[in-house]
Amino acid sequence: MGEELKMPRHVAIILDGNGRWAKAKGMPRNYGHVQGAKTVETICEDAYKMGIQYLTVYAFSTENWSRPKDEVDALMKLLRNYMKTCLKTAEKNRMCVRVLGEKSRLDEDIRTRIQELEEATKNNDGLHFQIAINYGGRDEIVRASRKLARAVAAGELRPEDITEDTVSNLLDTAGIPEPDLLIRTCNEQRLSNFLLWQLAYTEFYITPVAWPDFTKKELIKAVEAYNHRDRKLGGLKAE
């Protein structure tokens, strides 16, 4: 049945339930995060083989810094390892990787790895994979607003010339089509400050499955549900 489905061009995923999944197995939360990172690898490959062109995942939000220090430290260690793994995967699958979010708060070595990963993969023609790290939708809009204000103050832009496209081009996702489908795992039903501007016309799919248990079969279910929606607004401009 998968071949008959109309694939969303861009799928965004809020990865929920790593900690709860681990706890249910009597394991520490960090075990869940490690398994969750492995699931990301698998789903990247599955999504691309299915014909999805863009995949964006919410890995670490601006609010995540308030978690216990040992968990944040473990997440940062996982992120360091993931950057290395991601580079190998990107080379193998010709994946183009981009990191969304405010990178200045991340340690210098992580920022360097992000830069190397983006630079090494920028011309790849496989899956466009975006990872949101230290990302918050409001923060992204505030940062874009500051750029607009500076451009107006410098006389480079007139306020009346500001359009939706002007704003879109100043966001972290500039040049990336808006998501057609948002998946959120573990039955959570809120946006959690994710892609607030970009999700204006996106279809939502909520599943009770925790992220470490999310498989290609679950991704197909989400795409099937997307196919059954009546998208009156048509979503996005074709590029």
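**Reading a buried strand**

Both faces of β1 are covered: His10, Ala12 and Ile14 are buried on one side, as are Val11 and Ile13 on the other. The model discussed here is predicted.

Visitor: Why do His10, Ala12 and Ile14 lie on one side of β1, with Val11 and Ile13 on the other?

Guide: In a regular strand, side chains alternate between the two faces of the sheet. In β1, that gives His10, Ala12 and Ile14 on one side and Val11 and Ile13 on the other.

Visitor: How many residues of strand β1 are buried?

Guide: A residue counts as buried when its relative accessible area is under 20%. In β1, which spans residues 10-14, five of the five residues are buried, so the strand is largely enclosed by the rest of the structure.

Visitor: Which strand pairs with β1 over five bridges, and in which sense?

Guide: That strand is β2, residues 54-61, and the pairing is parallel. Within β2, Tyr54 is the bridge partner of His10.

Visitor: Which strand is joined to β1 by four bridges?

Guide: It is β5, residues 181-184, which runs parallel to β1. Here Ile13 has Ile183 of β5 as its bridge partner.

Visitor: Is Cys186 buried or exposed?

Guide: With a relative accessible area of 15%, Cys186 is buried. Asn193 lies in the loop between β5 and β6, and has a positive phi of about 65° although it is not a glycine. Asn193 counts as buried at 17% relative accessibility.

Terms used. Residues are numbered from 1 along each chain as its sequence is written. This is a predicted model: local features need pLDDT of at least 70, side-chain atom pairs count only at pLDDT 80 or more; totals for chains, interfaces and linings use all residues. Side-chain values use heavy atoms; hydrogens and water are left out. Buried means under 20% relative accessible area, exposed over 50%, partly exposed in between (1.4 Å probe, protein chains only). Helices (H or I, at least four residues) and strands (E, at least two) are DSSP runs, numbered from the N terminus. Two strands pair if DSSP finds at least two bridges between them.
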